Amino acid sequence: MTAAIIDGKAFAAKVRGEVAAHVARLKEEHGIQPGLAVVLVGEDPASQVYVSSKGKQTVEAGMASFEHKLEADTSEADLLALIDRLNKDPKVHGILVQLPLPGHLNSELVINSIDPAKDVDGFHISNVGLLGTGQKSMVPCTPLGCLMMLRDHHGKLAGMNAVVVGRSNIVGKPMAQLLLGDSCTVTIAHSRTKDLAAVCRGADILVAAVGRPEMITGEYVKPGATVIDVGINRIERGGKTKLVGDVEFASAAAVAGAITPVPGGVGPMTIACLLANTLTACCRANGLPEPSGLTA
């Protein structure tokens with residue numbers, strides 16, 4: 001068996017196109033422009049690349065982009081004061097504080113100071129609770145992107161067995177909640193799961209979000225299963241740096257029915273879903289219908 005490739009890059013372009021079309025209608029029919037504020041503290045190279053890409057794609061979608069770059073030694077009080085101003089700014093519908101933050105800042109305190117309605121990362125404790133109880137929330141971008149691709153590939157997910165390998169607050173736990181919301185039977189597995197390979201082989205949908213390069217091999221995959229690889233790991237191979245996922249692609253693709261590659265799978269969907277969340281937040285703030293198919 002040779003797995004079908006789930007092209008996240010192409011699907012993300014489709015999502016961004018849908019967002020841009022909806023943004024154009026908001027401007028034309030209601031005079032409203034969704035706005036996304038991104039806050040970067042310090043000069044972490046990877047974070048700078050992410051913030052630049054987010055700003056570029058925000059503008060391309062027709063949204064207003066507000067970038068706030070702060071010094072690495074910015075005080076917690078100053079950062080919280082900025083977030084308070086953004087919470088009160090009617091032009092800002094989404095707020096994202098780029099992680100990781102410098103060590104002297106309390107990330108949980110900072111994230112939970114964001115207005116939950118503007119928390120387009122979906123990390124605020126209120127949104128976590130709403131998602132966990134099946135209520136309307138802001139949904140974390142990476143799991144939302146995975147769900148969109150699964151829905152697109154399978155149609156309905158009800159009744160499928162899903163295994164999520166990884167229990168992080170950013171991906172693993174919200175991914176499990178979203179799959180439950182679509183009526184899957186869900187198992188959360190992790191590094192201490194007994195006979196992890198056997199657990200994974202029971203999955204119709206296998207989501208790898210464990211943060212270990214190429215840990216999931218073909219031996220973990222049920223024939224015909226759909227494999228979603230959330231991992232992004234840089235490794236040295238043959239004297240060169242290579243980007244790989246949490247799944248050993250070649251062996252898994254030989255068994256799976258469908259699989260996301262790394263790069264070009266889940267990664268591009270994260271920023272696309274950030275834009276979708278900003279649009280959703282804008283519509284909710286203005287009492288307008290939410291865009292169909294762009295949220296959970």
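**Helices and cores in a predicted model**

Let me start with helix α2, residues 45–60. It has 16 residues and reaches 23 Å from its first C-alpha to its last, close to the 22 Å expected at 1.5 Å a residue. Keep in mind that this is a predicted model.

Which residues of α2 are buried? They are S47, V51, K54, G55, Q57 and T58. The cover over these buried residues includes helices α1 and α10, along with strands β2, β3 (64–70) and β4 (94–97). After α2 comes G62, with a positive phi near 90°.

Now the cores. In general, nonpolar side chains in soluble globular proteins tend to be buried together. Here, the largest nonpolar core has 55 residues. V19 and L179 have the most contacts inside it. Which elements give this core two or more residues? The helices are α1 (8–30), α6, α7 and α10 (267–285). The strands are β2 (35–41), β5 (161–165) and β7 (205–208). Of these, α10 gives the most, with ten residues.

Take V19 by itself. Leaving out residues up to four places away in sequence, V19 touches A61, M63, L275, A276, L279 and L294. There is also a second, separate core, of 21 residues. Among its members are L196, M215, I216 and A253.

Next, a helix pair. Two packed helices are described by the angle between their axes and the distance between the axes. The pair is α6, residues 141–154, and α7, residues 172–181. They pack at an angle of about 35°, and their axes are 9 Å apart. Is the crossing right-handed or left-handed? For α6 and α7, it is right-handed.

Who meets whom? From α6 we have P143, L144, C146, L147 and L150. From α7, they meet P174, M175, L178 and L179. By class, this contact has nine nonpolar residues, no polar ones and no charged ones.

Last stop, L109. This residue is found in helix α4, residues 107–111.

Methods. Residues numbered from 1 in each chain as written. Predicted model: local features only at pLDDT ≥ 70, side-chain atom pairs only at ≥ 80, totals over all residues. Heavy atoms only, no water. Axes fitted to C-alpha atoms, helices over the stretch in contact; angles between N-to-C directions. Helix = DSSP H or I, 4+ residues; strand = E, 2+ residues; numbered from the N terminus. Left-handed = near helix turned anticlockwise from the far one by under 90°. Contact = heavy atoms within 4.5 Å. Nonpolar A, V, L, I, M, F, W, Y, C, P; charged D, E, K, R; others polar. Core = buried A, V, L, I, M, F, W, Y, C linked by side-chain atoms within 4.5 Å. Buried < 20%, exposed > 50% of the residue type's maximum accessible area, 1.4 Å probe, protein only. Expected span 1.5 Å × (residues − 1).
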